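Work through the exercises below with the sequence and the 3D view side by side. Try each task before reading its solution.

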Amino acid sequence: MTRDPGLASWLQLSLTPGLGAGAMRGMLRQFGLPQAVLERRRSELTAHAAPAVIAALDSQSVRDAVARALDWAAAPGHGVVTLADEHYPRALLETPDPPPVLYALGRTDLLQHPSLAIVGSRNATAQGEHNAESFAKALSNAGLSIVSGLAIGIDAAAHRGGLAGASSTIAVLGTGIDVVYPKRNAELVAAIAERGLLISEFPLGTAPLAHNFPRRNRLISGLAQGCLVVEAALVSGSLITARTAADQGREVFAIPGSIHSPLSKGCHALIKSGGKLVESAEDVLAELTGFRRSGHASTMESGASGAEVAAGLLAHMGHDPVDVDSLCARAGMSAEQVSSELLRLELDGRVTALPGGLFQRLEKGKRG
């Protein structure tokens, strides 16, 4: 099999244990492309890494790892994208720590596509997953690829919505690209590999180690023009991703929820600290340069004011406890629209949230 010496040299540097991305970029800045780096005397490279690390460059274990990666990259739909590759995402080049190498499975053209990150709780509510999927589909149809981290809950729902829309989805892994994690997402992984894109900066076979996921999060936000948080507790990886997005100069959005729900606390904290409250996909698009409002993306019925919609919803509630699904059926509204109006009514003292996902109408000014 013919080997690409250029790619092999990128892999040799990136797969050397202890040679981090920062040291590798330092070598590239000083000496040029990886082939030029590897042609230097090893003593010249010790300014960037410890002698033991430099010695490992030529080890059999590294040569074996390079061979495995080249074999993997030769399969249909597989690829390794380097900093010098035309497919390398421009958005990541704007971040402080772009990975020198990305393993990619699927549509690498999506790396050049405008995108939005959607993240949230692994322990999401059914309503939260519905909101994530609905927003993702609308925003995908509006021209944004949906980026998330393939976790269960909100991430998985966002990927499903992205796949259902026109602009698909990108899953950023915290494992090697050949490792399916979590296992329950195997079917989703197969769908993304076929119609979207899976990427990882970690070597093949990398297990789901806890310290790798915060590194993954910086890529989720770095690839995107903005980050939308759907549900998140006050202490969560989703908030870390949102704060990283803000540090990278990306827009941060959050969907509000019930004042009684722990999974709304993180979103409310983001809004208090300057994140943009969104009630519809249109709210996201209005903040992103280069996008027009689209009928596909609208989650509010046209022609009706917020007061009119809220009054209509109250009329459908009656005075007994009721769940969101029942209200959707009675009012002919989407679940995200009902949830948005319920929040307005709850903050206005017209509705109270009850255990079990139920809501009850109150007289104006009276709270349960």
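**Exercise 1.** How many bridges join strand β4 to β5, and do the two strands run parallel or antiparallel?

*Solution.* The model is a predicted one. Begin with β4, which covers residues 145-148. Three bridges join β4 to β5, and the two strands run parallel. To place the pairing on individual residues, find Val 147, which stands opposite Ile 170 in β5.

**Exercise 2.** In which order do the strands β10, β11 and β12 lie in their sheet, and why does one side of β10 and of β11 lack a neighbour?

*Solution.* The open sheet has the order β10-β12-β11, with antiparallel pairing. β10 (322-323) and β11 (351-354) are at the edges with a single partner strand each, so one side of each has no neighbour in the sheet. For β10, the partner β12 (residues 358-361) is joined over two bridges. Val 322 has Phe 359 in β12 as its bridge partner.

**Exercise 3.** How many aromatic pairs does a search of the whole structure find, and which residues form them?

*Solution.* The search finds two.

1. Trp 72 and Tyr 103 are 6.1 Å apart centre to centre, with 70° between the planes. An angle over 60 degrees counts as edge-to-face, so this pair is edge-to-face. Trp 72 is in helix α6 and Tyr 103 in strand β2, 31 residues apart. Both residues are buried.
2. Tyr 181 and Phe 213 form a tilted pair, at 6.0 Å centre to centre and 50° between the planes. Tyr 181 lies in the loop between β5 and α10 and Phe 213 in helix α11, so the pair ties together parts 32 residues apart in sequence. Tyr 181 is partly exposed at 40% relative accessibility, whereas Phe 213 is buried at 14%.

Technical notes
Residues are numbered from 1 along each chain as its sequence is written. This is a predicted model: local features need pLDDT of at least 70, side-chain atom pairs count only at pLDDT 80 or more; totals for chains, interfaces and linings use all residues. Side-chain values use heavy atoms; hydrogens and water are left out. Two strands pair if DSSP finds at least two bridges between them. Helices (H or I, at least four residues) and strands (E, at least two) are DSSP runs, numbered from the N terminus. Rings of Phe, Tyr and Trp (its six-membered ring) pair if their centres lie within 6.5 Å; planes under 30 degrees apart count as stacked, over 60 as edge-to-face and the rest as tilted. Buried means under 20% relative accessible area, exposed over 50%, partly exposed in between (1.4 Å probe, protein chains only).
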